[in-house]
Amino acid sequence: MKQPLFHRIVVAVNGSQSSIHAAMYGILLAKEYHVDLKIVYVVDTATIKQLTLSKFFAQDEREAYEANLTSDGDRYLTYIGDLAKTKGVEADLELRKGAVWSEIITVADDYKADVILVGGKESTGSYGTGSTGTHNVVSASRGEIIANAHCSVLVVKKNDIEQLFKIS
């Protein structure tokens with residue numbers, strides 16, 4: 001009897017359009033193959049800490065920025081959870097804080113994931129900023145996930161995923 005390639009999927013979401021597309025892809029995979037799905041948003045407190053230590057942020061600015069990112073993460077997770085429900089898929093949603101790549105890998109290890117889905121390259125920055133600095137952080141995190149994960153990593157670059165999601 002054939003064994004399925006995967007039983008558990010972790011999707012890394014950062015608020016970028018490509019990460020939302022990765023979540024849609026993960027939802028469709030979970031629906032089609034009846035596998036477990038976990039969606040993770042990580043508030044990048046490691047970078048926030050570095051910015052505070054380099055005096056880019058004052059302590060009160062750091063706290064406000066982290067609170068904003070936490071609020072964004074909750075909003076994105078709720079949105080993706082709602083998308084999953086429209087397809088009859090139950091998704092485990094988790095917000096974490098720390099270094100993005102290490103938190104994603106830790107979640108995947110703890111969840112015993114067979115594959116991590118990440119969004120493909122963005123043409124603009126992530127988190128809706130258009131900032132090349134934020135874009136570089138996201139790109140670096142994606143690279144670290146690919147290099148250090150203990151399971152397979154799939155970079156989702158499906159251009160027509162929104163259309164596929166609507167008709168599935």
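At what angle do helix H1 (residues 17–33) and H3 pack, and how far apart are their axes? The points below take up this question together with the rest of the fold.

1. Basis of the model. This is a predicted model, in which local features need pLDDT of at least 70 and side-chain atom pairs count only at pLDDT 80 or more, while totals for chains, interfaces and linings use all residues. Residues are numbered from 1 along each chain as its sequence is written, and side-chain values use heavy atoms, with hydrogens and water left out.

2. Overall architecture. The chain holds six helices and five strands, where helices (H or I, at least four residues) and strands (E, at least two) are DSSP runs numbered from the N terminus. Along the sequence these elements follow the pattern β-α-β-α-α-β-α-β-α-β-α. Of the 168 residues in the chain, 46% are buried, a class defined as under 20% relative accessible area, against exposed at over 50% and partly exposed in between (1.4 Å probe, protein chains only). Among the contacts with a separation of 6 or more, 77% come from residues 24 or more positions apart, a contact being heavy atoms within 4.5 Å.

3. The sheet. Five strands form an open sheet in the order E3-E2-E1-E4-E5, with parallel pairing; two strands pair if DSSP finds at least two bridges between them. Strand E3 (91–98) and strand E5 (152–156) stand at the edges with a single partner strand each, so one side of each has no neighbour in the sheet. On average, and with direction ignored, neighbouring strands are turned by 25 degrees against each other. Strand E2 (residues 36–44) runs parallel to E3 and is joined to E3 by eight bridges, and Tyr41 stands opposite Leu95 in E3.

4. Helices on the sheet. Helix H2 (residues 45–53) packs on the sheet, where H2 touches E2 and E3, and its direction makes about 5 degrees with that of E2. Helix H3 (residues 59–86) lies across strand E1 (8–13), E2 and E3, and runs at about 165 degrees to E2. Axes here are lines fitted to C-alpha atoms, for helices over the stretch in contact, and angles run from 0 to 180 degrees between N-to-C directions.

5. The H1–H3 packing. To return to the opening question, H1 and H3 pack at an angle of about 30 degrees, with their axes 10 Å apart. That makes H1 roughly parallel to H3, since angles under 35 degrees count as roughly parallel, over 145 as roughly antiparallel, 65 to 115 as roughly perpendicular and the rest as oblique. On the H1 side, Ile20, Ala23, Met24 and Ile27 meet Tyr76, Tyr79, Ile80, Leu83 and Ala84 in H3.

6. Two individual positions. Val153 is placed in strand E5 and counts as partly exposed at 25% relative accessibility; with neighbours within four places in sequence left aside, Val153 is in contact with Ile116, Val118, Ile145 and Ile146. Ser141, in helix H5 (residues 132–148), is buried with a relative accessible area of 9%, and touches Val100 and Trp101 when residues up to four places away in sequence are not counted.

7. Backbone points to check. Most residues other than glycine have a negative phi. His34, in the loop between H1 and E2, has a positive phi of about 55 degrees although it is not a glycine, and His34 is exposed, with a relative accessible area of 71%. Lys112, in the loop between helix H4 (100–111) and strand E4 (115–119), has a positive phi near 60 degrees and is exposed at 64% relative accessible area.
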